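Biologist: Hi! Could you walk me through this one? I'd like to go piece by piece.

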Amino acid sequence: AGRCGPAPRRRSVPSILRALAEKRQLSEEIVSLLQAQFSDLPRELHSWRQMADYSPEMRQFACLLHLYHIKAYDYLRKILPLPHPYSLTNWLSNNKAAAGFSSDIFLRLQDKVERGDQACYCCTVLVQDVSLQKQQEWDPRTKQLSGFVDLGAGILDADEAPLASEAIVLMAVGISSPWTAPLGYFLVNSTSGPFLAQLLRQAIHKLNSIGILVLAVTSGASACGAETARALGIRIDPKRTRCTFQHPPGSAHSIAFFFDIPHALLLIRNALQCFHKVEWLGDPMWWQHVVELAALGEQKVLEPCGPGTGRAGSKGSYHLKVNLGTLLFSEGVAEALEHLQMLGLASFQSCSGTAKFVRLMSSLCDVFYGRGPYGREPLLAGNYTKISNLFDEARSCFVNLTDSVGRYIIKSKRKLGFLSLLLNAESLKWLSSNHICLKGTPSQHLHTSAFSLDPLEHFLRALQQACGSSGSPTCAVFQAAYHKLLASWSLAPGPPPSSGNASPWDLSLSQRRALTLGSIRAQYHPAPARPLAPEYLYSAGLLLPSSALSNALTDLSLYTHSLTCMAGWVAEQLALDLQCEPCLASLFEADESRLRCRSVLYIKKLGGLSLPSASVHHITSISEQVLNWYGKVGGANDNTKLWHLCLEQKVFQELLGESPLFPTLTKHLFEGELSINNHYTVLVKEITRCYLNIRTHPTQHLNLKYPCGRHKLKRLKGKHLFPSLGSCQS
């Protein structure tokens with residue numbers, strides 16, 4: 001009988017994985033992880049026939065392979081009866097705020113859709129990563145090790161499995177109504193564009209399955225964000241831009257892609273800073289003009305006084321103060337540059353090109369943020385022509401922008417910020433022209449603010465507060481905080497819990513903070529906070545134990561001057577951190593005889609300190625009264641924190657029913673969604689808190705070694721002597 005050849009080798013799952021790695025269709029890292037975690041998977045192919053019989057490990061294997069390498073998954077589907085990719089969403093979902101998609105949130109969204117809530121019919125999906133501290137911990141509740149990678153189908157806790165270093169968080173945001181829904185999180189050890197693209201497609205499919213239409217997705221303007229866009233099919237090229245992708249692939253439904261605006265603006269700021277000078281059709285934009293504006297700080301400026309000015313004498317002087325809360329790309333900065341050029345300051349004599357570029361960027365921000373002349377709904381039909389013309393002008397500028405030696409910026413390594421804005425412009429135009437959001441409702445009701453990562457950033461900040469630490473949390477701490485936050489989450493339109501989205505300190509999100517004049521000033525001229533001169537407090541006995549006798553002996557004029565100086569110091573301290581331009585301006589008494597420019601303030605001085613506004617002075621005066629009535633100076637009370645909260649509450653009670661504070665900000669104070677942390681309440685709270693901290697902890701704010709050291713003496717009532725006001729003279 002003839003000899004038979006060797007029996008054909010029966011293929012197993014490990015052998016298929018090794019073959020894919022040899023062909024470089026699957027990375028060695030993924031193969032090693034799969035083999036370490038799933039060493040006891042059924043090796044024979046016939047064991048994979050019935051999906052209903054898949055073990056938890058087999059489900060984990062399928063989900064991991066699909067998310068990390070879709071091509072390898074598609075290849076294995078030709079050999080194994082693996083489920084369709086969009087059938088995996090059920091395996092990637094969990095209850096009780098575990099990793100994966102949140103089943104509870106999706107059920108609540110589905111209920112709103114079934115009840116006919118039209119505001120939930122369309123949304124955008126946001127994606128952002130959070131840094132985690134690598135740490136393996138024992139969870140006594142689940143009796144498992146935690147800290148490993150977890151994509152929702154189970155923890156990958158093999159000895160050779162990597163620890164999680166990031167959490168990918170997904171959120172849905174209403175476009176016609178400001179509702180937000182945290183869709184879930186995924187614990188990973190590394191992030192890639194293709195991985196995020198698969199997560200986004202899974203989220204879109206799951207939302208579509210409950211009747212919610214996804215119109216757009218938003219990612220950060222970063223290397224990973226750009227990789228995600230390309231993995232979805234987006235083309236980031238000014239000559240051949242493709243701003244949408246199909247979902248499912250090959251279908252007729254398109255979804256727009258956006259990069260986060262603050263991220264993109266930060267990249268553009270970095271580009272301008274690195275190039276120093278860029279030119280737009282021969283018109284130069286100098287970064288040094290911005291640096292000079294930020295560094296101007298506060299300056300005494302002379303101006304001629306002639307017959308035309310209405311003032312006698314040859315020259316007059318006034319105090320000019322730059323509002324460091326002003327955003328770089330704003331109309332206020334453009335106006336300030338032109339104003340300083342008009343005043344004749346040497347550093348700003350060739351700044352017309354800089355002002356022109358800043359004004360163009362400001363107009364783009366007005367559209368993307370839904371503010372300024374376009375209002376909160378810039379996609380209204382009446383605005384379309386104006387917006388299209390603006391986008392055309394921006395394209396012409398960015399495409400022709402060159403550095404000092406004539407090289408095009410759009411082709412340089414600093415191009416991503418400019419390309420991101422161009423892509424966002426195309427996406428907005430596409431949405432405005434092609435999409436119907438709700439039944440019979442045209443796309444003019446789309447709010448452009450829904451296309452930024454701001455809602456997700458607010459959620460992550462609330463999550464960080466729930467973690468109780470400013471550093472990176474461990475997986476266990478992150479999951480506990482997420483569970484706590486999700487339990488109180490509301491899908492109703494409005495601000496997220498604990499975010500205070502109307503607060504003037506709200507723009508302290510990292511990207512926004514880096515875009516203010518204050519951040520630029522800090523880069524070039526870092527300076528510590530200015531200490532309060534001790535004679536301001538000593539002059540009226542404010543550091544002495546309060547008593548009826550000491551109050552009676554104190555000269556009231558000195559007391560008033562000292563209180564004014566302290567209120568001015570409070571205003572200057574708060575101005576260092578305040579990120580809201582109008583609110584910062586409201587802290588100081590303006591010189592109304594001068595032209596008011598948004599980012600340039602004309603203020604009055606009292607010696608070396610700026611005069612506070614009447615509202616700031618009134619709040620500090622009430623705070624001093626409350627301290628005298630209810631408190632003990634020096635923090636003698638054991639429970640200092642509770643004591644301070646009680647004092648703040650008393651101040652609010654005293655202010656109730658009085659004349660409105662900050663009269664110039666009546667409309668601005670309550671901008672944004674209704675929230676207890678609006679501009680008004682936060683300003684009052686911060687002014688009160690700052691003043692009480694000075695009064696109860698003076699040695700932390702004063703340069704004092706000896707509280708009763710020698711000072712200049714000034715006459716008080718009778719023969720009693722106290723330190724003088726020193727430089728604090730009107």
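Biologist: In which hand does H8 pass H13 in their crossing?
Modeller: H8 passes H13 in a left-handed crossing, where left-handed means that the near helix is turned anticlockwise from the far one by less than a right angle, and right-handed means clockwise. A word on conventions: this is a predicted model, local features need pLDDT of at least 70, side-chain atom pairs count only at pLDDT 80 or more, and totals for chains, interfaces and linings use all residues. Residues are numbered from 1 along each chain as its sequence is written, and side-chain values use heavy atoms, with hydrogens and water left out.

Biologist: Thanks! At what angle do the axes of H8 and H13 cross?
Modeller: Roughly 140°, and the axes of H8 (residues 261-275) and H13 (residues 416-434) come within 7 Å. Axes are lines fitted to C-alpha atoms over the stretch in contact, with angles from 0 to 180 degrees between N-to-C directions. Helices (H or I, at least four residues) and strands (E, at least two) are DSSP runs, numbered from the N terminus.

Biologist: Which residues make the contact?
Modeller: On H8 they include Ile261, Leu265 and Ile268, and on H13 Phe418 and Leu421 are among them; contact means heavy atoms within 4.5 Å. The residues of this contact divide into 9 nonpolar, 3 polar and no charged.

Biologist: Switching topic: is Glu648 buried or exposed?
Modeller: Buried, with a relative accessible area of 8%; the cut-offs are under 20% for buried, over 50% for exposed and partly exposed in between, with a 1.4 Å probe and protein chains only. Glu648 sits in helix H23 (residues 640-655).

Biologist: What does Glu648 touch?
Modeller: Leaving aside residues up to four places away in sequence, Glu648 touches Lys685, Thr688, Arg689 and Leu692.

Biologist: Now strands. How many residues of S3 are buried?
Modeller: In S3 (residues 122-131), 8 of its 10 residues are buried.

Biologist: And which strands pair with S3?
Modeller: S10 (residues 213-219) pairs with S3 in the parallel sense over 5 bridges, while S8 (residues 166-174) pairs with S3 in the antiparallel sense over 9 bridges. Pairing needs at least two DSSP bridges between two strands. Leu126 stands opposite Thr218 in S10, and its bridge partner in S8 is Met171.

Biologist: Last one: what pLDDT does the chain average?
Modeller: The average is 77, and 74% of the residues score at least 70; pLDDT is the predictor's confidence in each residue, from 0 to 100. Over residues 496-508 the pLDDT is below 50, though this stretch has 50 contacts in the model beyond near neighbours in sequence. Where pLDDT is low, the predicted coordinates should not be read in detail.

Key. Ala, Val, Leu, Ile, Met, Phe, Trp, Tyr, Cys and Pro count as nonpolar, Asp, Glu, Lys and Arg as charged, and the others, Gly among them, as polar.
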